[in-house]
Amino acid sequence: MALQVYNYLTRRKEVFQPVHEGFVGMYVCGPTVYGHAHIGHAKVYITFDIVHRYLEYLGYRVRYVQNITDVGHLTDDADEGEDKIAQQARKERVEPMEIAEFYTRSYFEDMDALNVLRPDISPRASGHIPEQIELAQLLIEKGYAYVSNGSVFFSVKSWPAYGKLSGRNIDELEEGARIAVSPDKRDPRDFAVWRAAKPGHIMRWKSPWGEGFPGWHAECSVMAMKYLGLPFDIHGGGLENIFPHNESEIAQSEAAYGKEFARYWILNNMVTVNGVKMGKSLGNFTTIKDALTRHNPMTLRFFILSSHYRSTTDFTDEALDSAARGYERLIGPVRLTRERLRRSESDGELDGAFAEVIRQHKEQFVAAMDDDFNTPQALAVLFDFGREVNTLLNSDRPVTRATLEAIDNFYRTLGGNVLGLIPDKLPTSAEGGLEAQLMELILRLRAEARARKDWATADAIRAELAKLGIVLEDRPEGTTWRMVQ
Ligand code: ZN
C-alpha cells in the first residue's frame with residue numbers, strides 16, 4: 001500500500017505523489033514569537049515532525065521550511081489590531097526584535113526537548129520584506145490588488161477561486177462580522193498584502209507606498225515560494241488558520257504567479273481544555289515549559305501521538321497521568337531488551353519464529369502510518385509487539401543476541417526514528433523528572449537507616465534537606481516530601 005494523506009483541498013484521502021520524484025517540499029506555518037509556546041504548538045509541530053520523519057523513513061529527501069513570524073501578525077487578527085510582537089515589546093519595554101529573538105530561542109528549546117527535529121530552513125518574515133513588497137507589486141500590476149492610503153489590499157472579488165480551501169463561498173462571507181473593517185478597503189472581504197504603518201507603529205519598512213509592514217498571509221506565500229518553488233508538495237499548519245490565513249496565501253500566490261501553490265494541505269486539529277479550544281488569546285493555555293516541570297517530554301509526545309492529528313486532543317491532568325503510565329508500558333519491553341543485550345552473550349542465529357513476528361508488526365506499523373499518519377494505530381502495533389517481546393523474554397527459552405538485536409533495531413527504527421518516542425537513551429522513569437527520582441533515592445536510603453535504627457543518619461538527612469527548602473513528613477504509610485518557598 002502507498003502513503004495516503006487527507007488533503008483539505010479535496011476533502012478526501014489521496015495517494016501521495018510528489019511533484020518531483022524522490023523529493024518532498026513541505027512548508028508549515030511557524031509560530032508567532034511573542035510568548036512561550038503552549039501545548040497547542042506542541043501538537044502542530046509534533047504532527048509535522050511525524051510527517052517529516054515518516055517521509056524520510058519512506059526514502060524521500062525532504063526539504064522542510066517552517067517560518068518564524070516576527071512581524072505582521074496582528075493582536076486580534078482583525079484589520080486594525082496592533083502587531084503582536086510590537087505590543088509585547090511595548091509591555092516589556094524592549095526592542096521588538098528582542099522579543100522575537102527571545103521567544104524564538106525559547107521555542108526551539110521546547111521543540112528540542114520534545115525531540116522535534118529542526119526544520120531545514122526557519123526563515124523569518126522580517127528578513128523577507130523585499131520579497132513581500134514584490135508580491136504586492138505583482139498583484140497590483142496584474143489587477144488583483146489595489147493601493148489605498150498607503151496599504152495594498154487583495155481584491156477578493158477579482159479572484160473567483162477564493163474560498164476553495166476553506167469551502168467558503170465568497171458571496172456568503174459575512175461582511176466584516178465581529179471585526180473592525182478598515183475604511184481603506186473597497187470591499188470588507190479584501191485582505192491586506194501590505195499595511196501602511198500609523199505614526200507610532202514601531203516595526204516599519206520603506207515601500208513604494210510609504211512606510212509600512214507586510215500582511216501576515218504574505219510572509220507565508222513568499223517564503224514558501226522562495227525556498228520550495230511552485231507548486232510544492234505539502235502545506236501544513238493548524239486547522240484554525242485555514243481561513244483567512246491559508247485561503248489568502250493560496251489566492252495571492254496563485255494570482256501573482258499564475259501557478260498552482262501547494263498540492264496537499266495537511267492541517268491538524270486543535271488542543272482543547274475540557275472541550276474548549278486552548279489558546280493564548282483565550283487565557284486557558286499551558287506552556288510546554290510548564291508541562292515539562294511536571295512531566296517527562298516523552299510523556300507529552302506520547303500524549304499528543306495517542307490521538308490522530310485530525311482529531312481534537314483534550315488536555316487534562318488525568319490524561320497526562322494516563323499518558324505517563326502508557327509511555328512507561330511502551331518502553332518496558334525496550335528496557336528489558338536492552339538490559340538483556342548488555343549481559344547476553346548467547347551466540348546463535350536469529351530466532352526464525354520471532355523474525356516473523358517482527359516482520360508482521362513492521363508491516364502493520366507501516367500500514368498504519370501509510371493511512372494518513374495514523375499514530376494511535378501505530379502505537380497499538382508497538383504495544384502488541386511489546387506483549388510478544390515480554391512473552392519471549394520471560395520464557396525459559398534462551399534468546400540469542402541476534403534476536404535481541406533485531407528487537408532493539410525494530411524499536412530504534414519505528415519507535416525512535418519514525419515516532420521520535422524511543423530515544424537511544426531512555427528516560428529512567430516517565431514519572432517525574434530527575435528531581436523526583438533523586439528524592440525517591442534519598443528517601444529510600446533514609447528509610448533503610450530508620451529500619452536499622454540509625455536515627456542519627458535519618459535526622460541528618462532531614463536537617464540537610466531542610467536547608468535546601470525540602471520538608472519531610474513521616475507518616476505510617478511512608479515519608480513524603482514537599483518544597484517550601
Ligand atoms: Zn502561514
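The chain exposes about 22,200 Å², an accessible area from the Shrake-Rupley method with a 1.4 Å probe, where for residues only the protein chains shown count as cover.

A word on the source. This is a predicted model, in which local features need pLDDT of at least 70 and side-chain atom pairs count only at pLDDT 80 or more, while totals for chains, interfaces and linings use all residues. Residues are numbered from 1 along each chain as its sequence is written, and side-chain values use heavy atoms, with hydrogens and water left out.

Back to the chain. Of its 485 residues, 52% are buried; buried means under 20% relative accessible area, exposed over 50%, and partly exposed in between (1.4 Å probe, protein chains only). The C-alpha atoms fill a box of roughly 85 × 60 × 35 Å along the principal axes. There are 14 helices and 15 strands; these are DSSP runs, H or I of at least four residues for helices and E of at least two for strands, numbered from the N terminus.

Now the helix, H10. H10 covers residues 352-370, which is 19 residues, and reaches 27 Å from its first C-alpha to its last. That is close to the 27 Å expected at 1.5 Å a residue, the expected span being 1.5 Å times one less than the number of residues. Which residue caps the N-terminal end of H10? Aspartate 351 does, with a side-chain oxygen 3.0 Å from the backbone nitrogen of alanine 353. After H10 comes aspartate 372, whose phi is positive, near 55°.

Buried residues in H10 include Phe354, Val357, Ile358, His361 and Phe365. An α-helix has 3.6 residues a turn, so residues three or four places apart point the same way. The cover over the buried residues of H10 includes strand S1, helix H1, helix H11 and helix H12.

One of those covering helices, H11, holds leucine 393. Is leucine 393 buried or exposed? Leucine 393 counts as buried because its relative accessible area is 4%. Leaving out residues up to four places away in sequence, leucine 393 touches Leu336, Thr337, Arg340, Val399 and Leu404, where contact means heavy atoms within 4.5 Å. Leucine 393 and leucine 404 are 11 residues apart in sequence and 9.3 Å apart in space, C-alpha to C-alpha.

Last, histidine 38, in the loop between strand S3 and H1. Histidine 38 is buried because its relative accessibility is 8%. Beyond its neighbours within four places in sequence, histidine 38 is in contact with residues including Met278, Phe285 and Ile288.

Note on methods:
A polar contact is a pair of N or O atoms within 3.5 Å; within protein, one must be able to donate a hydrogen and the other to accept it, and residues adjacent in sequence count only if both atoms are side-chain atoms.
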